[in-house]
Amino acid sequence: MIRVTLLGSAATLSGPDSDSIYLLIQSEDGCYLIDCGGSPPHKLARAGAELRQVRGVLLTHDHTDHIYGLPMLVQSLLLSNWSEAGLIVWGLRETLATAKALLDLFPLVDRAPLDLRSLAPQPDYLALETAELRIRTTPVDHTRPSVGVRIEGVRSGRVLAYSSDTEPCDGLRQLAAGADVLLHEAAAIRPTAGHSTPGQAGATAAAAGVGRLVLVHFEPAEDGASMLTEAAKEFGGPVELGRDWMTFEL
Ligand SMILES: [Zn+2]
Ligand SMILES: [Zn+2]
């Protein structure tokens with residue numbers, strides 16, 4: 001069974017109970033992170049995962065809130081009984097350049113067995129396939145090159161899609177098509193380049209025919225009840241606000 005946990009659910013301005021968004025995937029084949037926010041060792045321990053189980057981290061884009069924990073993750077792995085297989089770091093070419101520059105600020109790269117893998121900027125790119133898990137990426141429309149992520153349970157056939165940061169776009173609708181769960185950013189109060197409103201997230205959920213919509217990547221001060229109302233005007237299925245430590249089974 002695959003478990004996906006929201007280690008954070010908020011946007012950059014996080015709150016007392018919500019950290020910047022990133023996801024943990026736990027599977028029999030190891031653990032993978034989607035983006036990397038603060039305190040990875042603490043978050044992994046709280047989620048019941050061990051550092052040495054971490055096989056890779058997929059960075060959706062290079063905005064601070066999505067990558068700032070990467071040096072801490074690598075440092076923590078170096079201090080633990082880390083698998084000799086090393087750490088795979090996936091990202092678009094631009095994202096990997098920023099990640100490398102960030103890691104170069106610390107004396108980590110030479111000591112850490114990192115396997116940097118470029119994501120092709122094409123729809124439905126298969127980044128990882130194991131006996132249990134598939135991870136696909138599709139470019140989305142943000143202010144930086146960014147990909148949405150589709151996580152598929154091979155045995156269950158269940159799918160969780162994560163928008164990353166994006167305005168409404170065809171790529172995202174394709175990525176989320178038929179997903180059981182869509183984690184969709186809702187950072188914008190009104191239509192804004194590079195981000196989505198709760199209503200736009202609802203419209204994407206409806207167009208993609210998803211089973212359930214979870215709004216994420218919003219500031220804790222936002223009016224959650226209004227966000228849900230706005231999304232529900234567009235999407236007839238269940239809509240919730242994302243919370244840190246929410247889990248989804250695939
Ligand atoms: Zn963001
Ligand atoms: Zn962003």
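Trainee: What makes α6 largely enclosed by the rest of the structure?

Mentor: Keep in mind that this is a predicted model. In it, 8 of the 11 residues of α6 are buried, so the helix is largely enclosed by the rest of the structure. The buried ones are Pro-198, Gly-199, Gln-200, Ala-201, Gly-202, Thr-204, Ala-205 and Ala-208.

Trainee: Which elements do those buried residues of α6 pack against?

Mentor: They pack against α5 (170-175), β11 (181-185), β12 (212-216), α7 and β13 (239-241). Just past the end of α6, Gly-209 has a positive phi of about 65°.

Trainee: Let's stay with α7. How do α6 and α7 cross?

Mentor: The axes of α6 (residues 198-208) and α7 (residues 224-234) come within 7 Å and cross at roughly 35°. The crossing is right-handed. On the α6 side the contact involves Pro-198, Gly-199, Ala-201, Gly-202, Ala-203 and Ala-206. On the α7 side you have Met-227, Glu-230, Ala-231, Ala-232, Lys-233 and Glu-234.

Trainee: How many nonpolar, polar and charged residues are in the contact of α6 with α7?

Mentor: There are 7 nonpolar, 2 polar and 3 charged.

Trainee: Leu-70 sits in α3. How do you know whether Leu-70 is buried or exposed?

Mentor: Count the neighbours. Leu-70 has 26 other C-beta atoms within 10 Å, and the cut-off for buried is 20 or more, so Leu-70 is buried. Leaving out residues up to four places away in sequence, Leu-70 touches Cys-36, Ala-99, Leu-102 and Leu-103.

Trainee: And how far is Leu-70 from Ala-221?

Mentor: They are 27 Å apart in space, C-alpha to C-alpha, and 151 residues apart in sequence.

Trainee: Then why is Gly-30 called partly exposed?

Mentor: Gly-30 has 19 other C-beta atoms within 10 Å. Buried takes 20 or more and exposed takes 12 or fewer, so Gly-30 is partly exposed. Gly-30 is in strand β3. Apart from neighbours within four places in sequence, Gly-30 is in contact with Gln-53 and Arg-55. Gly-30 and Ala-49 are 19 residues apart in sequence and 9.3 Å apart in space, C-alpha to C-alpha.

Trainee: What makes the phi of Ser-39 worth a look?

Mentor: The phi of Ser-39 is positive, about 50°, although Ser-39 is not a glycine. Most residues other than glycine have a negative phi. Ser-39 is in the loop between β3 (30-34) and α1 (40-46). With 16 C-beta neighbours inside 10 Å, Ser-39 counts as partly exposed.

Trainee: Where is Asp-124 found?

Mentor: In the loop between β6 (114-118) and β7 (125-129). Asp-124 has a positive phi of about 60° and is not a glycine either.

Trainee: Last one: which residues have the most contacts inside the largest nonpolar core?

Mentor: Leu-23, Ile-25, Leu-160, Leu-182, Leu-213 and Leu-215, in a core of 70 residues. Setting aside residues up to four places away in sequence, Leu-215 touches His-184, Ala-186, Pro-198, Ala-201, Met-227, Ala-231, Val-239, Leu-241 and Gly-242.

Note on methods
Residues numbered from 1 in each chain as written. Chains lettered and ligands numbered in written order. Predicted model: local features only at pLDDT ≥ 70, side-chain atom pairs only at ≥ 80, totals over all residues. Core = buried A, V, L, I, M, F, W, Y, C linked by C-beta atoms within 7 Å. Contact = placed C-beta atoms within 7 Å. Helix = DSSP H or I, 4+ residues; strand = E, 2+ residues; numbered from the N terminus. Axes fitted to C-alpha atoms, helices over the stretch in contact; angles between N-to-C directions. Left-handed = near helix turned anticlockwise from the far one by under 90°. Nonpolar A, V, L, I, M, F, W, Y, C, P; charged D, E, K, R; others polar.
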